[in-house]
Amino acid sequence: MHKTIQDIVNMKKEKRKISVITSYDYTLASLCDKAGIDVLLVGDSAGMVMLGYENTIPVTMDQMCMFTEAVSRARKNSLLVSDLPFMSYQASIEDAINNSGRLIKAGADAVKLEGGTTMAETVSAIVDVGIPVMGHIGLQPQTTMLSEGYKVQGKTKETAMKLIEDAKELEDAGVFGIALEMISHEVAQIISETVNIPTIGIGSGVNCDGQVLVVQDLLGMYDNIRPKFAKRYMDLSEDIVKTLEDYKKDVESCIFPAKDNWFSMNEDELKKLREQLGS
Ligand code: KIV
């Protein structure tokens, strides 16, 4: 049985930190699950790291459903949360409920959406139909064009107060957790101490109840953007390129494939074939 929402909520009560990692495909999701990561997040960051878009705006529901299905086939132990992409929940509550339902049918246990107080009504409507929701405040990549852009949030008293209010309203609306993206670590700590639900930080300091990273950032496989908060645990892109260069050389010099990598005919059959062909 995989982890449940209640397991994740209990981790905060038991003061155990929650590990979250993004996942979009079967192979990497299987490894994340095997490593015991608590939550797999099918983030709309897929738009950038999987599909090569400049930002998350173009991501569609169909794409998020496909990634969610792939990850759900891989996971055995982790909780699976999927992002509602841009314009799949903002225009109407009906859209929000229908699209949340699509992600659940694709295999997610819960959905995540961006926004604070303005999304409270939408959150409670989704929760009311029985779909768990995770909030996401601070830097909200789907609307960076409208807000302050890719900047640390909550550096002044006013913006800090707004973030605290956002977190409280989301909690009242029924979210089971909140992602805090690029919020000053002091404000992230205050929010984490204020709400009873887990906070999952990304670029928001060590005092959140858990942490999330984009898996390609952690593995050092995505080089277009290197945010300060995204610790690269390895430089996989370098290793991958080097390995592919080795493969290319082996193909060119007929070192690959070798005897171990190919299949042979039965010798008698080969003899008969040669006789028939007169060779
Ligand atoms: O889409 C995403 O990857 C996210 C996390 C980084 C929080 O929303």
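Reader: Is Glu 14 buried, partly exposed or exposed?
Author: This is a predicted model. Buried would need a relative accessible area under 20%, and exposed one over 50%. Glu 14 has 47% relative accessibility, so Glu 14 counts as partly exposed.

Reader: Which residue forms a salt bridge with Glu 14?
Author: Side chains of opposite charge can pair when their charged atoms come close. Here the closest N and O atoms are 2.7 Å apart.

Reader: Where is Lys 15 found, and what is its phi near?
Author: Lys 15 is found in the loop between helix H1 (5-13) and S1. Lys 15 is exposed, with a relative accessible area of 76%. Its phi is positive, in a residue other than glycine, and is near 55°.

Reader: What is the phi of Met 87 near?
Author: Met 87 is found in the loop between strand S3 (79-83) and H5. Met 87 is partly exposed, at a relative accessible area of 42%. Phi is again a positive value in a residue other than glycine, near 70°.

Reader: Which helices does the salt bridge of Arg 102 and Asp 62 tie together?
Author: The closest N and O atoms of Arg 102 and Asp 62 are 2.7 Å apart, in a salt bridge. The pair ties together parts that are 40 residues apart in sequence, because Arg 102 lies in helix H5 (residues 93-105) and Asp 62 in helix H4 (residues 61-74). Arg 102 is partly exposed, at 35% relative accessible area, whereas Asp 62 is exposed, at 53%. The helices are H5 and H4.

Reader: How many salt bridges does the structure hold?
Author: Asp 223, Arg 226, Arg 232 and Asp 235 are linked in a network of them. For the structure, the count is 14.

Reader: Which peptide bond is cis?
Author: Look in the loop between H10 and helix H11 (267-277), where Pro 257 is found. Omega is near 0° for the bond from Phe 256 to Pro 257.

Reader: Is Ser 23 buried or exposed, and what does Ser 23 touch?
Author: Ser 23 is found in the loop between strand S1 (18-22) and helix H2 (26-34). Its relative accessible area is 1%, so Ser 23 is buried. Not counting residues up to four places away in sequence, Ser 23 touches Ala 29, Cys 32, Leu 40, Leu 41, Val 42 and Val 71.

Reader: What is the relative accessibility of Thr 199?
Author: Thr 199 is in strand S7 (residues 199-202). Leaving aside neighbours within four places in sequence, its contacts include Ile 178, Leu 180, Ile 191 and Cys 208. Thr 199 counts as buried, because its relative accessibility is 0%.

Reader: Which residues touch the most other members of the largest nonpolar core?
Author: That core has 57 residues. Leaving aside neighbours within four places in sequence, Ile 137 is in contact with Leu 163, Leu 170, Ile 178 and Ile 191, among others. A second, separate core of 16 residues includes Leu 79, Val 81, Phe 176 and Ile 200. In the largest core, the residues asked for are Ile 137 and Ile 191.

Reader: Which residues form a nonpolar patch on the surface?
Author: One member sits in the loop between helix H9 (215-219) and helix H10 (236-252), namely Met 221. Met 221 is partly exposed, with a relative accessible area of 31%. Patch residues need over 30%. Together the patch has about 240 Å² of accessible area, and its residues are Met 221, Ile 240 and Leu 244.

Reader: What distance separates the centres of domain 1 and domain 2?
Author: The chain is divided into domain 1 (5-234) and domain 2 (239-277). The C-alpha atoms of the chain fill a box of roughly 85 × 40 × 40 Å along the principal axes. Taken over C-alpha atoms, the domain centres are separated by 47 Å.

Technical notes. Residues are numbered from 1 along each chain as its sequence is written. This is a predicted model: local features need pLDDT of at least 70, side-chain atom pairs count only at pLDDT 80 or more; totals for chains, interfaces and linings use all residues. Side-chain values use heavy atoms; hydrogens and water are left out. Patches are made of residues with over 30% relative accessible area and no salt bridge: like charges are joined within 9 Å, nonpolar side chains (Val, Leu, Ile, Met, Phe, Trp, Tyr) within 5 Å. Accessible areas come from the Shrake-Rupley method with a 1.4 Å probe; for residues, only the protein chains shown count as cover. A salt bridge is a side-chain nitrogen of Lys or Arg within 4 Å of a carboxyl oxygen of Asp or Glu. Helices (H or I, at least four residues) and strands (E, at least two) are DSSP runs, numbered from the N terminus. Buried means under 20% relative accessible area, exposed over 50%, partly exposed in between (1.4 Å probe, protein chains only). Domain bounds come from an automatic or database domain assignment. Contact means heavy atoms within 4.5 Å. A nonpolar core is a set of buried Ala, Val, Leu, Ile, Met, Phe, Trp, Tyr and Cys residues joined through side-chain atoms within 4.5 Å.
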